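Please look over the model before reading on.

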Amino acid sequence: MEYRLINDEETWDAILRAHNGHPMQSWGWGSLKEQTGSWTAHRVVCEDDGKFVCAAQVLERKLPWPFRSICYAARGPVTERDEDVPRAADLIAEWCRAHVHAVSLKIDPGVSGIKLGDGWKEGNKILIPNTATLDLTPDEDAIMASIHSKKARQYIRKAGRSGVEVRLATREDLPGIMELYHNTAEQDDFFIHEDEYYYKAFDAMADVNQLFVAEVEGRLLAFLWNITMPAAAFELWGGVNDEGKRLRANYLLKWHAMCEAKKAGAKLYDLNGLFNDGISKFKMLFVNEPTMWIGTFDKPLSPLFTVWERALTLYRHFFK
């Protein structure tokens, strides 16, 4: 078994596209994490006699002495088949232990019904395993018919008849998007980053971004920010104002995003996380039932992992 590092964006994303890699494994996502946090991205491919076995974009964060570092592979590792994930997880964990001397590797693969190997333990969640997904492999008429709620299908058509239009956003749209996002976050009480984060995301993730806005007569009503690769389109951020809600712009916007993801070759549309809130109820109008991924798991790679866990628990208790 051999490991090699990929240091070229085009080569790395080509590997992901060929081997069912999630957009959170994309070069752009890793670049965003490097620019906005204390992470270093390592793009690792594992091969057996020159043949692809698995890959992972491993985000490494340095820790104070003596812990060295921790690693995280968002929606990784990358494998041809879901059943290959347990072996791939162990292989990537071994790379992290041997090459960056990490105390642990955290993963949250988008797979169901898979049991990881010995040594893996449930960890603190970063991405929510309970989500809503839609199969994009049928034609558009069949996808529309598969949308669970008849009312949702009606609202999609109603928004179009009301003059709502959806288009790809440009960088010049970001100030308006940010204003709308702040208002949405305040109304629905959820956390958002500083504006600079999203400007960096627009530039860093050009390889996978699909950012859409819904408008009527030039007025911004709603936005939806996805990242997309053949494995999946994944919703990151979105917002809608009161006029957009009244005109059902968010329904047409989501439908348009699904169609554009399909055109880009995505096989799955992931609405990204369900909570007990109104946003989640809206997401569930589009699917028959929730999708449950296996969740977040940690692989301790050093005896110091237990000490680090306890230290982190104490820190969160006293300072968060």
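Two strands count as paired if DSSP finds at least two bridges between them. Helices (H or I, at least four residues) and strands (E, at least two) are DSSP runs, numbered from the N terminus. The model is predicted: local features need pLDDT of at least 70, side-chain atom pairs count only at pLDDT 80 or more, and totals for chains, interfaces and linings use all residues. Residues are numbered from 1 along each chain as its sequence is written, and side-chain values use heavy atoms, with hydrogens and water left out.

**Six-stranded sheet**

- The strand order in this open sheet is β8-β13-β12-β11-β10-β9, and the pairing is mixed.
- β8 (133-135) and β9 (165-168) are the edge strands; each has a single partner strand, so one side of each has no neighbour in the sheet.
- From one strand to the next, the twist averages 25 degrees (axes are lines fitted to C-alpha atoms, for helices over the stretch in contact; angles run from 0 to 180 degrees between N-to-C directions).
- Two bridges pair β12 (residues 232-240) with β13 (residues 268-270) in the parallel sense.
- Phenylalanine 234 has aspartate 270 in β13 as its bridge partner.
- Helix α6 (residues 174-188) lies across β10 (209-216), β11 (219-229) and β12, at about 95 degrees to β11.

**Seven-stranded sheet**

- This open sheet has the order β1-β2-β3-β4-β5-β15-β6, again with mixed pairing.
- β1 and β2 (residues 40-48) run antiparallel and are joined by four bridges.
- Arginine 4 stands opposite valine 45 in β2.
- Helix α2 (residues 27-36) packs on the sheet and touches β2 and β3 (51-62) (contact means heavy atoms within 4.5 Å).
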